[in-house]
Amino acid sequence: MANVKFYAGESFPLEMHKVRIIQKLNLVSVEDRLKAIKEAGNNTFLLQNRDVFMDMLTDSGVNAMSDRQLASMMEADDSYAGSETFCRLENSVKNFFGTKYFLPAHQGRACESILSKIFVKDGSVVPMNYHFTTAKAHITINGGKVEEIIIDEGLKIKSSHPFKGNIDIGKLNAVIKNYGASNVAYVRMEAGTNLVGGQPFSLENLEETSKVCRAAKIPLVLDASLLADNLYFNKLREEACKNMTLAQITRRFADASDIIYFSARKLGFGRGGGICTNSEEYFLKIREMIPLYEGFLTYGGMSVREMEAIAVGLSETLDEDMISQGPIFIDYMVRELDRKGVPVITPAGGLGCHVDAKAFLDHIPQSQYPAGALGSAYFIASGIRGMERGTLSEQRDENGAETFSNMELLRLALPRRVFTLSQVNYAIDRMLWLYENRKLVEGLRFVEEPKILRFFFGRLDPVSDWQNKLVAKFRADFGDSL
Ligand code: F0G
């Protein structure tokens, strides 16, 4: 990692890249922001980008590409079958993970769908450090259930544990004993544990998990979508990794896993996905599904241009300057908010800054979706869209009762190399203002609630006219400012 000290003492994130293509942004007035969020049913997924100033919804498919990635897209070899582009991607993936087989898919959830169809049956259980929305939905659709076996520290908002995404080996052994190894479809380990604040696991923990799985003959599946962030933390925080290269750490991850899948909308900074393994048996099973659901074996639903970009993006993931930019910016944002009393998940993880809506809006019950309300209020205050990662992102149980999530988070993703430090400072400033005025914010209720993955397109109303009061306070405090 670039070691740059500052003469004036205090240090701040320094970009190790320069910006050569820009996109103009639009910051509309607070009144227009209110109108936009109302039209979006208070669901930030339903906002139009033209009304959004900083899009912090996700880092999926929106990270900035490098000049080398863009250049590679011009060389794409367009062919349904056997393209040179696919050979380049296949080589790049095999070189990255060191695995024998690679199968392409159109994005991460397609891999989840295929793996669930193959391994999950009625009554199966899939233990994992923590669920991800689409991973869980595919497992349950196929008759299985998820058991979360993350270490207790992983569910604490404030912590100094360096690897909050670790699996609790005791809980893993207990689940295997309880259900019987033959009912465990696979164990899923998610790099950069998404829903609990982008928290990493240690190499040591993955290798211990792998030992237990291999002894019980249960496949270990690594979700490597957020591997770049995880690698950064292994290198930074894990003694055993300090003298290893990123390539060496990645190989150890791959060696410990039986199947690896990833969303290339995150890993590799493109748009696509894929599954890797060393096992011929798994490869043959998975291969059957690719032409059926994704596309031919040499594109799997991806465009050749994206495949070229991913091939280059994966090799760039082994560059410490490239993978450190996100975590360093996130760390800055988390520290600044934490220092000023705003409740955020600590230590800073990958993906983005996660604001604890349960503490921020402790007057709103979980049944009124505090994280959703915070997302709506923050958009009104700033024109920034985040993503609700709380009860709204859960699904109701089989009796229709709410499943209250462990954490109520507003996730402010930091797409890599996209925002400048002054934009991050703006995001911090508006969050501080909202924190001062938090008592004005009230809850939301559904007016349209889809059955599956409801957070994507459900619509909600505020429980009162609190949003108008928030706009009036903004005007009183900021005058004619945008
Ligand atoms: N696994 C993880 C850890 C993810 O973060 C995602 C996507 C997926 C799988 C699914 O991949 O989107 O390519 O189908 N996360 C996005 C997000 C949607 O915004 O966090 P996908």
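This report walks through a predicted model, from its helix packing to its ligand shell.

## Ground rules

Residue numbers start from 1 along each chain, following the sequence as written. The model is predicted: local features need pLDDT of at least 70, side-chain atom pairs count only at pLDDT 80 or more, and totals for chains, interfaces and linings use all residues.

Helices (H or I, at least four residues) and strands (E, at least two) are DSSP runs, numbered from the N terminus.

Two packed helices are described by the angle between their axes and the distance between the axes. Here axes are lines fitted to C-alpha atoms, for helices over the stretch in contact, and angles run from 0 to 180 degrees between N-to-C directions. Angles under 35 degrees count as roughly parallel, over 145 as roughly antiparallel, 65 to 115 as roughly perpendicular and the rest as oblique.

Start with helix α12 (residues 320-339) and helix α15 (residues 421-436). They pack at about 25 degrees, with axes 10 Å apart. The two helices are therefore roughly parallel. From α12, the contact uses F329, Y332, M333, E336 and L337; from α15 come V424, A427, I428 and M431. Residues are in contact if their C-beta atoms, placed from the backbone, lie within 7 Å. By class, this contact has 8 nonpolar, no polar and 1 charged residues. Ala, Val, Leu, Ile, Met, Phe, Trp, Tyr, Cys and Pro count as nonpolar, Asp, Glu, Lys and Arg as charged, and the others, Gly among them, as polar.

Helix α8 (residues 227-237) also packs on α12, at about 85 degrees and with axes 9 Å apart. That angle makes α8 roughly perpendicular to α12. A228, D229, L231 and Y232 of α8 meet I323, S324, G326 and P327 of α12. The classes here are 5 nonpolar, 2 polar and 1 charged.

## Helices α4 and α10

Helix α4 (residues 108-119) crosses helix α10 (residues 280-293) at roughly 130 degrees, and their axes come within 10 Å. So α4 is oblique to α10. This crossing is right-handed. On the α4 side stand A110, S113, I114, K117 and I118; they meet K285, I286, M289 and Y293 of α10. The contact has 6 nonpolar, 1 polar and 2 charged residues.

## A sheet of 3 strands

An open sheet runs in the order β9-β12-β11, with antiparallel pairing. Two strands pair if DSSP finds at least two bridges between them. Strands β9 (352-356) and β11 (387-389) stand at the edges; each has a single partner strand, so one side of each lacks a neighbour in the sheet. From one strand to the next, the twist averages 30 degrees.

Strand β12 (residues 409-413) pairs with β11 over 3 bridges, in the antiparallel sense. R389 stands opposite L409 of β12.

## Two backbone exceptions

Most residues other than glycine have a negative phi, and most peptide bonds are trans. T346 and P347 are joined by a cis peptide bond, with omega about -5 degrees. P347 sits in the loop between α12 and β9.

F269 is not a glycine, yet its phi is positive, about 55 degrees. F269 belongs to the loop between β7 (259-263) and β8 (273-277).

## Around the ligand

The ligand has 15 residues around it, and T58, Q107, G108, R109 and S263 come nearest. A residue is near a molecule if its C-beta atom, placed from the backbone, lies within 6 Å of it. The shell has 2 nonpolar, 9 polar and 4 charged residues.

Note on methods
Contact = placed C-beta atoms within 7 Å. Left-handed = near helix turned anticlockwise from the far one by under 90°.
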